[in-house]
Amino acid sequence: MRVLGLESSCDETAAAIVDADGRVLSDVVRSQIALHAAWGGVVPELAARDHLRAVVPVTREACRAAGLELADLDGLAVTVRPGLAGALLVGAQFAKALALATNKPLVGVDHLVGHLLAVFLARGGEAPRRPGFPFVALVASGGHTAIYRVAGPLERDVEELGGTRDDAAGEAFDKVAKALGLGYPGGPVIDRLASGGDASRFAVPTPMQRDASLELSFSGVKTWIARLVEREGAPSGQALADLCASFQRAVVGVLVDKTTRAARGLGVRDVVLAGGVASNRGLRAHAAERCASLGLELFVPPPASCTDNAAMIAYAGAARLVAGERDELSLSIEPRSRIPRATVKGRGRR
Ligand code: KG4
Ligand code: ZN
């Protein structure tokens, strides 16, 4: 089974072809970062317009790179939630038009389920180590940060155990980078600077770390750094590297604590990291150390599978098709995920 996946929920226009075993036959990602950089964040209307320009050439490129025609496909998968409404609409309407024109089955996919299953993708002929169900997974991206129990490859198999009460982890990286004048997106820049810094120099607070719940909070960390910059100006040189390292350690520390606590609490052995922040080297290293010491097995996809891509959407769609599911052309987009929240933003535990 070969499935074309389409992703346009935020600031990447992506198309990929994946088979039901997770082999990635092509994976094309066109980032809008340069378009939004001047604004310091994603501008929804600009994103939607750019998806419109990119969706056809990106899909053509995914077919060409896989050496396949639309007629060779067994199904179409598209991200329908969560995300920016105007951005999601472009991918969903295009997928519906393709399904109508080619008479192929169509399935909508929750972007978070895509991130959770990215660990199963096999790139470049390698057979990846794969977790077994159920596993515990952290999704840490620019828009979402939560811990899940994943009992199978379908949306109904996914249970949120706890999440952020305010900012997502990636959002904290981006906002701190902005406060430090490091540009957008901030994650990769802070990651790079942190590798040359001393994490013990600044006592960055780690909210919720001692709290017994699986809830997270990052807005306080961001505010703490913004106040520091207000008081003392943005640091440079070694002090900047040290501040990045201290911030990163605070965020990574609480993410790893809570994720491994969830796995131990449920008696689950396999732990998965997902989402753009999972490409952070500090997070990967700290999680590897902690899991090894606790006897947990850690699975982290390569960076290309962590950040937004359509291969993960195609794979999640293939799982739905294999399970006999398909959607009608009346399929519509939704800004929010349907996975029930354990933590309500701004309010905490339900
Ligand atoms: O999953 P993703 O590509 O898009 C969303 O669904 O949001 O995640 C993007 C986020 C951004 O906030 C970016 O700053 C962060 O992931 N990110 C990183 C790293 N690479 C990307 N954060 C920390 N370290 C990185 N190396
Ligand atoms: Zn994402």
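Let's begin with a group of charged residues: Arg81, Asp110, Glu155, Glu334 and Arg338 are linked in a network of salt bridges. Keep in mind as you look that this is a predicted model. In one, glutamate 155 pairs with arginine 81, and the closest N and O atoms are 2.9 Å apart. In another, glutamate 334 forms a salt bridge with arginine 338, with 2.7 Å between the closest N and O atoms.

Domain 1 is made of two stretches, 2-124 and 305-322, while domain 2 covers 135-300. The C-alpha centres of these domains lie 26 Å apart. How many salt bridges are there between domain 1 and domain 2? The count is 1, and glutamate 155 and arginine 81 do form a salt bridge, with arginine 81 falling within the 2-124 stretch of domain 1 and glutamate 155 within domain 2.

Now look along the rest of the boundary. The size of an interface is often given as the accessible area lost when the parts come together. Here domain 1 and domain 2 bury about 1,700 Å² between them, and 75% of that area is on carbon and sulfur atoms. In terms of residues, 21 from domain 1 are in contact with 21 from domain 2. Across this interface there are 3 residue pairs in polar contact, both residues being at pLDDT 80 or more. On the domain 1 side, helix H1 (33-37), helix H4 (111-117) and helix H11 (311-322) each supply at least two of the touching residues. H4 gives the largest share, 5 residues. Sorted by type, this side of domain 1 has 13 nonpolar, 4 polar and 4 charged residues.

Arginine 290, at 24% relative accessibility, counts as partly exposed. A further salt bridge joins the side chains of arginine 269 and aspartate 270 at 3.0 Å, N to O. Aspartate 270 is buried because its relative accessibility is 5%.

Next, visit a charged residue on a strand. Glutamate 160 is placed in strand S8 (residues 158-163), and its 7% relative accessibility is why it counts as buried. What does the side chain of glutamate 160 reach? At 3.2 Å it reaches the backbone nitrogen of threonine 343. A polar contact of 3.3 Å also joins the side chains of glutamate 160 and arginine 341. Leaving aside neighbours within four places in sequence, the residues in contact with glutamate 160 include Ala146, Tyr148, Ile339 and Pro340.

For a contrasting residue, turn to alanine 99 in helix H3 (residues 85-102). Alanine 99 is also buried, because its relative accessibility is 6%. Not counting residues up to four places away in sequence, alanine 99 touches Leu76, Lys104, Leu106 and Leu329.

Finally, let's look at some details of the backbone. Most residues other than glycine have a negative phi, and most peptide bonds are trans. In this model, a cis peptide bond joins phenylalanine 133 and proline 134, with omega about -5°. Proline 134 lies in the loop between H4 and strand S6 (135-140). Another cis bond joins tyrosine 184 and proline 185, with omega about -10°, and proline 185 is in the loop between helix H5 (169-179) and helix H6 (186-194).

Positive phi values can be found here too. Asparagine 103 has a phi near 60° and lies in the loop between H3 and strand S5 (106-110). Its 67% relative accessibility is why asparagine 103 counts as exposed. Methionine 208 has a phi near 70° and belongs to the loop between H6 and helix H7 (219-232). Methionine 208 is buried, because its relative accessible area is 16%.

How values were computed
Residues numbered from 1 in each chain as written. Chains lettered and ligands numbered in written order. Heavy atoms only, no water. Domains from an automatic or database assignment. Contact = heavy atoms within 4.5 Å. Buried area = accessible area lost by both parts, 1.4 Å probe. Salt bridge = Lys/Arg side-chain N within 4 Å of Asp/Glu carboxyl O. Polar contact = N/O pair within 3.5 Å; in protein donor to acceptor, adjacent residues only side chain to side chain. Helix = DSSP H or I, 4+ residues; strand = E, 2+ residues; numbered from the N terminus. Nonpolar A, V, L, I, M, F, W, Y, C, P; charged D, E, K, R; others polar. Buried < 20%, exposed > 50% of the residue type's maximum accessible area, 1.4 Å probe, protein only.
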